[in-house]
Amino acid sequence: MPAALDGTRIVFAHEFRKQIGGKGFLIATLTIPVILVVLWIAIPLVRGIVADDAGDSATADSATSTSVEDSDNAAAAKPIGIVIQTTDLGVDFSQFPKYKVFAETAAGLDDLRSGAIKELFVILPEYVATGHVEYYYTDDTGEGRQQLRATLRDALLGQTQSPELRQRALARPQFARFTVADDGEVAAESGVAVAVSFLVGQGFAIALIFTLIAYGTILLQTVSEEKENRMVEVLLTSASPLAIMTGKVLALGLAGLIQMSVWIASVILVVPRFAGVIPDIGTIPIDFGFLFLVLAFYLAGYAIAAALMAGIGAATTSVTEAGPLTALVIIPLAVPFYAMPLFLSDAGHWLTRFLSLLPITAATSMMLRLATSSVAPGEIALSLGLMIVTAALLLWLASRIFRAGLLLYGQRMSLRAAWTALRHGG
Amino acid sequence: MASALNVDGVKKIFGHNTVVDGVSFTVEPQEIMGLVGPNGAGKTTTIRMALDIIRPDAGSVALFGSAPNRQALQRVGYLPEERGLYQKSALSDVLRYLGRLKGLSAKAAQSRSDAMLQRVGLYEHRAKKVQALSRGMNQLAQFASALLHQPDLVILDEPFSGLDPLNVQVMKEIISEQQQRGAAIIFSSHNMEDVEEMCERVVLVSGGNVLLYGGLDELKRARGIQNIRVAAPQQPADVPGVTHTTVEDGQFEYLLVEGADPNAVLRSFLDSGIPVERFEVALPSLRDMFIEEVSRARSA
């Protein structure tokens with residue numbers, strides 16, 4: 001194995017062991033699974049007490065359960081209503097037996113109210129540009145949306161060569177949700193449901209950003225401590241600075257990934273168990289495509305933040321001195337959150353697009369955009385590509401600073417001193 | 001066999017300050033070379049250039065016959081002046097890690113680390129965190145870490161600073177063992193007595209320039225008889241031909257001007273009625289040469 005790779009491997013193994021061997025890692029990793037399990041156990045208990053208080057009414061309800069199941073089976077066999085308001089689509093839904101096509105939304109809503117269809121989708125005139133679809137339902141099982149998504153994808157990919165339509169076919173439709181109550185009243189989706197969607201989407205992205213900042217900060221500390229402990233000179237005669245930096249970034253990245261995986265796995269495994277406890281939670285679809293993209297942006301975002309943090313750690317003389325400078329990394333990561341209203345109202349705005357292409361803000365911006373709207377695959381690829389190139393350059397620069405930092409022992413960092421050290425650092 | 005280290009006319013300028021100005025020397029296998037000089041002489045910068053930590057602006061460095069590369073650097077053990085260990089890690093973990101970075105297998109790093117800790121008397125402390133060790137223990141551990149991989153070139157920058165005499169003795173024995181094993185050793189220190197005791201050759205650097213370079217005995221003999229040691233209760237008011245006087249342990253040490261007569265010194269004591277317990281004509285010590293050369297260079 002080449003010496004550089006060997007050095008990276010050894011630094012990686014050392015840093016990884018050090019990181020996951022600590023009590024802090026274990027506690028932080030197990031916190032979310034433990035909270036979820038506690039909720040899983042506690043909520044039914046609390047609800048059981050409430051149910052006992054409710055008394056005999058439950059007995060009467062159970063007598064009707066069989067007829068409810070029968071009604072559910074009947075609903076599954078009902079067609080899905082669809083209204084096509086765009087002329088750009090070129091898909092004839094009447095050829096699919098599971099869909100019933102309406103010319104007007106009102107006619108579809110009448111059928112939904114009467115129970116002739118189980119849900120109604122209105123594909124809006126601007127669909128090809130925005131992916132906007134109205135979704136009317138009495139009981140959202142998630143199946144109808146999945147079926148529509150699959151139908152649109154297969155039909156569009158199979159029938160068109162138009163790049164715009166193909167791009168739309170690959171992206172997810174954006175559903176504006178409306179409930180149809182028993183009395184026929186149509187209402188926009190409730191605040192609770194929106195909040196749940198937010199938790200699953202943006203909330204998840206926010207949690208990722210926090211871990212990204214946390215592991216970036218740990219990396220800064222390990223680099224800074226090496227300087228404080230006067231280890232740098234010995235390390236530099238044992239491995240190249242790039243191997244040292246790469247080993248550290250990968251080790252902490254993997255530790256963060258393991259932590260995130262445990263959290264995600266616990267959410268996937270435990271949250272569906274709440275289905276009988278929290279109304280509708282089981283119907284929230286887990287979009288693995290979205291999770292994959294979030295993960296990709298998480299890793300690329302981590303690489304950039306980690307390289308920047310490592311550079312700061314290498315350029316400063318102590319953890320205390322480095323601390324305030326972390327704001328230079330954290331603030332850009334947080335900028336998209338300040339623009340949250342824009343992301344929610346107009347995710348395709350030039351500013352949100354710019355933020356999602358700017359490498360330092362791209363991770364957060366893209367996670368928010370992906371959670372709130374559809375993003376063109378080309379834009380996703382460009383953003384990821386720019387982030388990867390930037391991360392590689394920053395890592396190289398951080399390793400140069402790490403070597404040059406040796407010449408800054410005992411000096412306060414200034415741009416001039418850092419530049420002089422960089423020039424003489426070989 | 002190629003020299004362990006060949007430094008040829010290296011020069012380093014930081015801003016407008018020439019820190020190293022054409023320094024040249026060679027270190028051969030199985031020799032201990034003393035690298036001495038006053039503070040700020042350019043010793044550490046020269047070592048860093050030899051180890052490719054910083055690049056020279058002019059001149060060249062050859063490690064084991066070729067330009068410093070990762071493979072050659074794996075054969076070097078380095079104890080820098082600015083040193084330390086991971087404070088929050090267990091001692092044996094740190095040593096094992098440093099051994100692995102120097103190319104040892106996990107098993108070899110473990111066994112060498114145990115053996116070196118035993119050799120320096122720290123084996124019982126191997127599970128302790130480094131921050132729990134005394135300063136002297138820390139230093140011994142760092143010394144051990146520099147030798148774990150049995151390097152062919154050992155560079156020790158002020159290895160004895162802050163150590164008690166017993167630990168200094170342990171270190172000297174180990175350095176001697178390394179030499180017998182075949183390693184070339186660069187020993188940098190401000191303590192001239194230690195350098196004189198341990199080194200066959202020295203290079204004296206001041207202001208970035210080499211002032212003296214060669215075998216210690218040769219250098220001394222080349223300067224002729226210039227040192228007189230007199231054991232007496234006091235010294236006369238005027239001692240002829242003396243350029244520098246040192247008083248230590250009731251003994252007067254005189255550095256004579258070139259061509260001065262040592263017997264005139266003895267006569268000055270006897271003529272003053274001061275009883276002389278011992279009179280010794282000696283070759284100049286390294287300290288004398290250091291003071292004389294550095295003073296001359298600074299005044300030039």
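**Helices, bridges and an interface**

Modeller: In helix 16 of chain A, A:Arg353, A:Ser356 and A:Leu357 meet A:Glu379, A:Leu382, A:Ser383 and A:Leu386 of helix 18 of chain A; contact means heavy atoms within 4.5 Å. This is a predicted model, where local features need pLDDT of at least 70, side-chain atom pairs count only at pLDDT 80 or more, and totals for chains, interfaces and linings use all residues. Residues are numbered from 1 along each chain as its sequence is written, chains are lettered from A and ligands numbered from 1 in the order written, and side-chain values use heavy atoms, leaving out hydrogens and water.

Biologist: What makes helix 16 of chain A oblique to helix 18 of chain A?
Modeller: Their axes, lines fitted to C-alpha atoms over the stretch in contact, with angles from 0 to 180 degrees between N-to-C directions, come within 8 Å and cross at roughly 40°. Under 35 degrees is roughly parallel, over 145 roughly antiparallel, 65 to 115 roughly perpendicular and the rest oblique, so helix 16 of chain A counts as oblique to helix 18 of chain A.

Biologist: Why are A:Arg9 and A:Asp6 called a salt bridge?
Modeller: The rule wants a side-chain nitrogen of Lys or Arg within 4 Å of a carboxyl oxygen of Asp or Glu. A:Arg9 and A:Asp6 come to 2.7 Å, N to O, and form one. They sit 3 residues apart in helix 1 (residues 3-20) of chain A, and therefore about one helical turn apart. Over all chains, the structure holds 30 salt bridges.

Biologist: How do you know that A:Glu233 and B:Arg48 form a salt bridge?
Modeller: By that rule again: the closest N and O atoms of A:Glu233 and B:Arg48 are 2.8 Å apart, and the pair qualifies. Across the interface of chain B and chain A there are 2 salt bridges.

Biologist: What area do chain B and chain A bury between them?
Modeller: About 2700 Å², 58% of it on carbon and sulfur atoms; buried area is the accessible area (1.4 Å probe) that two parts lose on being put together, summed over both. In chain B, B:Ile53, B:Arg70 and B:Tyr86 lose the most area to chain A, together 25% of what that side buries. The contact takes 29 residues from chain B and 27 from chain A.

Technical notes:
Helices (H or I, at least four residues) and strands (E, at least two) are DSSP runs, numbered from the N terminus.
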